[in-house]
Amino acid sequence: MTNRPDLPAEIARRRTFAIISHPDAGKTTLTEKFLLFGGAIQMAGQVRAKGEARRTRSDFMQMEKDRGISVSASAMSFDYKHFRYNLVDTPGHSDFSEDTYRTLTAVDAAVMVIDGAKGVESQTQKLFEVCRLRDLPILTFCNKMDRESRDTFEIIDEIQENLAIDVTPASWPIGVGRDFIGCYDILRDRLDIMDRADRNTVAESIEINGLDDPKWEEHVSAPLLAQFREEIEMAKELLPKLDPKAVLEGTMTPIWFGSAVNSFGVRELMEGIANYGPEPQPQTAQPRTILPEEKKVAGFVFKVQANMDPKHRDRVAFVRMASGHFTRGQKLTHVRSKKQMTISNPVLFLASDRELAEEAWAGDIIGIPNHGQLRIGDTLTEGEALQVKGIPSFAPELLQGVRAGDPLKSKHLEKALMQFAEEGAAKVFKPSFGSGFIVGVVGPLQFEVLASRIELEYGLPVRFEQSQFTSARWVSGDKDAVDKFAAANKQHIGTDSDGDTVYLTRLQWDIDRVARDYPDVALTATKEMM
Ligand code: G4P
């Protein structure tokens, strides 16, 4: 199903998406089943075994020891039927970070996983709101239906009300908890029965001819069937019908009910992503939008992961291909520096293995190993000066000073901090007075993670300590006005890792005062990466 017949078939069959969920809803399990059905892994359990679920600090650290693996989990490609799926991982730890936001700039759709007993939880809601900012189409999977779950109407109502989106059932569960036997596939008129005995067995799927088909009685007990029929009649009356256009516009979400751990409902969801999810979408850029079907290749960096191998200090830049057909060895222009780069060893992430990417089409995610040239927000093209827009950087909510345990190592510390800043793992500010750095993050866990990484990757023990500042704002405006402002407020001025001026303070009052006293300068809490 394509709305853009002009797309080359290779592009039209791509679906690039992320999974959004609250920890524990089943993202890892679902990912694993996608990979299993996509033939990318042989056995369920491989993804989890590699510690993809990095919920606690210890999980995170363990995983960081094997960063190659975390990289594989950052983007995964697999095929199912005629489609190529590119699944981009949203960071699993519960600190909401910019990384998460930027990941969502690289996808065309999101799968929202909710726990059937818990409904819409806080992290899901936050992530949903980020998706909404971009009008991303969302497909919903209500998981853990094999356990006691809430009433189906209640779940649907909660999504509609909390997230202000129309919900249309793609399937309907039959029975609850222990009595759950499977689902009616509304879109295909089939009865799918879950196999509780073997978790990796795919459900038995029975073709049905409408709700009055006598086959129902063969498979569903009379009381369950009576209840199901009543519910489905009500659903037909009360809930909107699937409108593929509304799904693509992000105003309606189809919901599938299933059990990831029992492999139930997963294939239907995959087919749903193929049939109702979008093909690679146009990419907003300056001075013009990039269309996926353009012959020339363009792509942008949405994530950088450094020090995968501490001995080599290499980095992988994750690039979302925005247009064209890329082939290995191609020369691309790095628009920011206007330099040419030969992309000779791009990698594609096929589940647990990294493989050389011989080619990539619009919609694909490739990793480009480099020595620091590629930064988040950078655009690569075949020569045209295009700059992808909409990749933001947020002012951090927490600031701390940082010191090397050994004062003689402060140069090393600076280098480490700059690398993390480029990777997007933290904001680093250099106050214009005194020495030292101020590090800003979004969630408190990130300070610990940084300290451990600096020690692990640079052999440098560091101490984070309270800073005299609690907020940072970027300063923008006419150069003279900014210079004048900076000269008059020296004690509050610093620069970020790109050399842009920031205003550091403890008080909202100060920020309000600047707005009043310096109408020619603006203090902002976000800036575009490029
Ligand atoms: P996350 O990545 O979203 O954090 O969730 P994850 O997949 O790790 O799943 C969280 C827990 O929920 C896991 O249990 C997992 O087995 C379980 N789970 C996932 N899908 C289903 C389902 O459909 N039904 C039921 N009943 N449970 C499900 P755990 O006890 O934390 O881990 P494990 O020891 O079972 O692996």
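Here are some notes on the predicted model, point by point.

1. Ground rules. Residue numbers start from 1 along each chain, following the sequence as written. Because this is a predicted model, local features need pLDDT of at least 70 and side-chain atom pairs count only at pLDDT 80 or more, while totals for chains, interfaces and linings use all residues.

2. Overall make-up. The protein chain has 16 helices and 33 strands, where helices (H or I, at least four residues) and strands (E, at least two) are DSSP runs numbered from the N terminus. Of its 530 residues, 47% count as buried. Here a residue is buried if 20 or more other C-beta atoms lie within 10 Å of its own, exposed if 12 or fewer, and partly exposed in between, with C-beta atoms placed from the backbone. Take the contacts between residues at least 6 apart in sequence: 71% of them join residues at least 24 apart. Contact means that the C-beta atoms of two residues, placed from the backbone, lie within 7 Å.

3. Domains. The assignment gives domain 1 (17-25 + 88-276), domain 2 (285-388) and domain 3 (395-528); such bounds come from an automatic or database domain assignment. Over C-alpha atoms, the centres of domain 1 and domain 2 are 34 Å apart. Six residues from domain 1 and five residues from domain 2 make the contact. On the domain 1 side, helix α6 (residues 98-103) supplies the largest share, three residues. That side of domain 1 splits by class into two nonpolar, two polar and two charged residues. For the classes, Ala, Val, Leu, Ile, Met, Phe, Trp, Tyr, Cys and Pro count as nonpolar, Asp, Glu, Lys and Arg as charged, and the others, Gly among them, as polar.

4. The ligand shell. There are 17 residues around the ligand, and the closest are K27, T28, T29, S259 and V261. The cut-off for being near a molecule is a C-beta atom, placed from the backbone, within 6 Å of it. Helix α2 (residues 27-37) gives the most to this shell, with three residues. By class, the shell has five nonpolar, seven polar and five charged residues.

5. Helix α2 again, this time against α12. The two helices pack at about 80°, with axes 10 Å apart. Axes are lines fitted to C-alpha atoms, for helices over the stretch in contact, and angles run from 0 to 180 degrees between N-to-C directions. From α2 the contact uses L30, K33, F34 and F37, and from α12 it uses V266, R267 and M270. The class count for this contact is five nonpolar, no polar and two charged residues.

6. Backbone spots to check by eye. The peptide bond from Q286 to P287 is cis, with omega near -5°, and P287 sits in the loop between β12 (285-286) and β13 (298-306). D135, not a glycine, has a positive phi near 50°. It lies in the loop between α7 (122-133) and β5 (138-143) and is exposed, with 11 other C-beta atoms within 10 Å. S263 is also not a glycine, and its phi is positive at about 60°. S263 lies in the loop between β11 (252-257) and α12 (266-276), and it counts as buried because it has 23 C-beta neighbours inside 10 Å.

7. G177. This residue is in the loop between β7 (171-174) and β8 (182-185). With 12 C-beta neighbours inside 10 Å, G177 counts as exposed. Setting aside neighbours within four places in sequence, G177 is in contact with R147, E148 and S149. G177 and Q419 are 242 residues apart in sequence and 49 Å apart in space, C-alpha to C-alpha.

8. R190 is in strand β9 (residues 190-193) and is partly exposed, with 17 C-beta neighbours inside 10 Å. Beyond four places in sequence, the contacts of R190 are D185, S205, I206, E207 and I208. The C-alpha atoms of R190 and N209 are separated by 7.9 Å, at 19 residues apart along the chain. E448 belongs to helix α14 (residues 445-458) and counts as partly exposed, with 14 C-beta neighbours inside 10 Å. E448 and F464 are 16 residues apart in sequence and 8.8 Å apart in space, C-alpha to C-alpha.
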